[in-house]
Amino acid sequence: MKKLLLATALTALAGAAMAQDVVRLGTEGAYPPFNFINDAGEIAGFERDVGDELCKRAELTCEWVTNEWDSIIPNLQSGNYDVIIAGMSITDERDEVIDFSQNYFPPAASAYVALAADADLKGVVSAQVSTIQAGYVAESGATLLEFATPDETIAAVRNGEAVAVFADKDFLAPIVAESNGELMFVGEPVQLGGGVGLGLRESDTELKEKLNAAIQSMKDDGSLNALIEKHFGPETAKF
Amino acid sequence: MFAACADPKAIEGLTWAACYLTSGKHIDFYLSFATVLLLLAITAPTALAMGFAGATAARSRFLPLSLLGKGYAAIVRGVPDIVFFLFFVIALDQGIEYLKSLAVCDDHSWPWQGLEFRVCQEAKVPLGASSAIWHQAYGFALAVFTFAIVFGAFAANVLYGAMGAVPKAQLETAEAYGMSQAQVFRRILVPQMWVYALPGLSNLWMILIKATPLLFLLGVKDIVYWARELGGSKTQAYEYPHPDWRLWYFLGLLVFYLCFTKVSEVVLARLSARLSRGQATAGGEALRKAAA
């Protein structure tokens, strides 16, 4: 009996020791090509590739979890996962509540997409809730219509609820290209944010250093640019 | 899944549909129906038990117990469900981890630091290294518990009313026969109250069926989540690109919920007839007349 107890205690200890090496990566799973749930039901996309490679380089065991975009920051702070890797732009407002790694996707343009070239961009514009694009639309003088998922923001334009949608150009580009001319870019693209970075708790400085080093090594050997080109096509801005 | 589905973009028509409907994502969708049914199967009896305990406590002659029972029903019924499902679950999760941290962590500093909640790795529930299935099971258990607390409060009120509706003469007669309070409760009150409680409880059951989409707020992927995810328009980044098909998926859910509530109604009607047998109610009277 004693031996059994000892063995159990040892396994529990070993489990606890291992626990420290597992980093849980939280993503949204609804923002192709950044991250999405593929048809096999697994998380896929640019960030899946980047995240797996970063974990390999930083010698971390990583596990993927999905979480609603709405509550993605509170759940990080509550400790349900350790890293946000969900196409999240680095902004000052967010930097006040969480920490960011250096960016792994360069500062990118956001753009309007509408059904007609003469769409009124001061009319009703849809954007995903708590994104920099939503903040921009609210300040632009247009009427902001927010949705919980990126997909719904596009659907709102298709069914006439909104005149235009404002989102990352790289997210919109494949949708416009495959719409058979139904959707089109309108107006000039707008530069927003400081690129896409990993979101971390402010107290996790050690993990942040490890991931920063891994991102730097991917930038240095060009493997990050290769992944950007693979998922976003040759015309996207690279490092 | 099948060999024919290896290259989805090269196939068409029925083969495409067959491959599409058996993709890994769709299997998850089909399994989520089982999740919802399992949640109902566990939550309904748990909520009923909580309601029974609440109603019994509220009837107690011991004042603190009575206040506890009444307070539980009053407070939970007054708080909006959405607040309960958003706030209570996070608080419950952190509370559990805090209590565990007192037992297993060396560092006993206050875990709520500004916006962050920090306990040592060993106090995480489940442990960070646990496989995904444990994280899902834990989320599911939190969901069952929250649903049981919320619906238990409504059930407590229904049962409290039903207990008061049992004719007083029945209880007094039982006492005159020399039964103790506990015996009166067990033999006379509880068997007779169900017929009065059933309309209220069946309402609760119907509401519970429709409330299951709240599961997604708790991080459990239910049928509504998958319907929205699968129905959304898909670009070429996916293996099976298609336009916005949410309407069809939600129509499917509508049929599922309608069938489910229909079956429930049939079962509840039979149960009501069974419970009315021999009761001093209009329903019981009708049964007696039909038999005569």
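The following legends describe close-up views of a predicted model.

Local features are described at pLDDT of at least 70 and side-chain atom pairs count at pLDDT 80 or more, whereas totals for chains, interfaces and linings use all residues. Residues are numbered from 1 along each chain as its sequence is written, and chains are lettered from A and ligands numbered from 1 in the order in which they are written.

**View 1. Overall architecture of chain A.** Chain A holds nine helices and 13 strands, taken as DSSP runs numbered from the N terminus (helices H or I, at least four residues; strands E, at least two). The C-alpha trace spans about 80 × 35 × 35 Å along its principal axes. Of its 239 residues, 43% count as buried, a residue being buried if 20 or more other C-beta atoms, placed from the backbone, lie within 10 Å of its own. Among the contacts in chain A with a separation of 6 or more, 70% link residues 24 or more positions apart; two residues are in contact if their C-beta atoms, placed from the backbone, lie within 7 Å.

**View 2. The interface between chains A and B.** On one side 29 residues of chain A are in contact with 27 residues of chain B. The elements of chain A that each supply two or more residues to its side are α1 (2-19), β1 (22-27), β3 (35-37), α6 (150-158) and α7 (169-177). By class, this side of chain A comprises 14 nonpolar, eight polar and seven charged residues. Here Ala, Val, Leu, Ile, Met, Phe, Trp, Tyr, Cys and Pro count as nonpolar, Asp, Glu, Lys and Arg as charged, and the others, Gly among them, as polar.

View 3. Seven of the nine residues in α8(B), residues 223-231, are buried. They are B:Ile223, B:Trp226, B:Ala227, B:Arg228, B:Glu229, B:Leu230 and B:Gly231. The cover over these buried residues includes β3 of chain A as well as α2 (24-59) and α9 (246-276) of chain B.

**View 4. Strand β8 of chain A and its partners.** Five of the six residues of β8(A), residues 109-114, are buried. β8(A) runs antiparallel to β12(A), residues 184-191, through five bridges, and A:Val113 has A:Phe185 as its bridge partner there. Five bridges also join β8(A) to β11(A), residues 164-168, again antiparallel; in that strand A:Ala164 is the partner of A:Ala114. Two strands pair if DSSP finds at least two bridges between them.

**View 5. Helix α5 of chain A.** Within α5(A), residues 132-140, the buried positions are A:Ile132, A:Gln133, A:Ala134 and A:Val137. These residues pack against β8, β9 (124-128), β10 (143-147) and β11 of chain A. A:Gly141, with a positive phi near 95°, follows the helix.

**View 6. The three-stranded sheet of chain A.** An open sheet has the order β2-β3-β4, with antiparallel pairing. β2 (30-31) and β4 (43-44) stand at the edges with a single partner strand each, so one side of each has no neighbour in the sheet. Two bridges connect β2(A) with β3(A), and A:Tyr31 has its bridge partner in A:Asn35.

**View 7. Packing of helices α4 and α5 in chain B.** The axes of α4(B), residues 81-104, and α5(B), residues 132-165, come within 10 Å and cross at roughly 130°. From α4(B), residues including B:Phe84, B:Phe88 and B:Leu92 meet B:Leu142, B:Thr146 and B:Val150 of α5(B). By class, this contact has seven nonpolar, one polar and two charged residues. Axes are lines fitted to C-alpha atoms, for helices over the stretch in contact, with angles from 0 to 180 degrees between N-to-C directions.

Note on methods. Buried ≥ 20, exposed ≤ 12 C-beta atoms within 10 Å, placed from the backbone.
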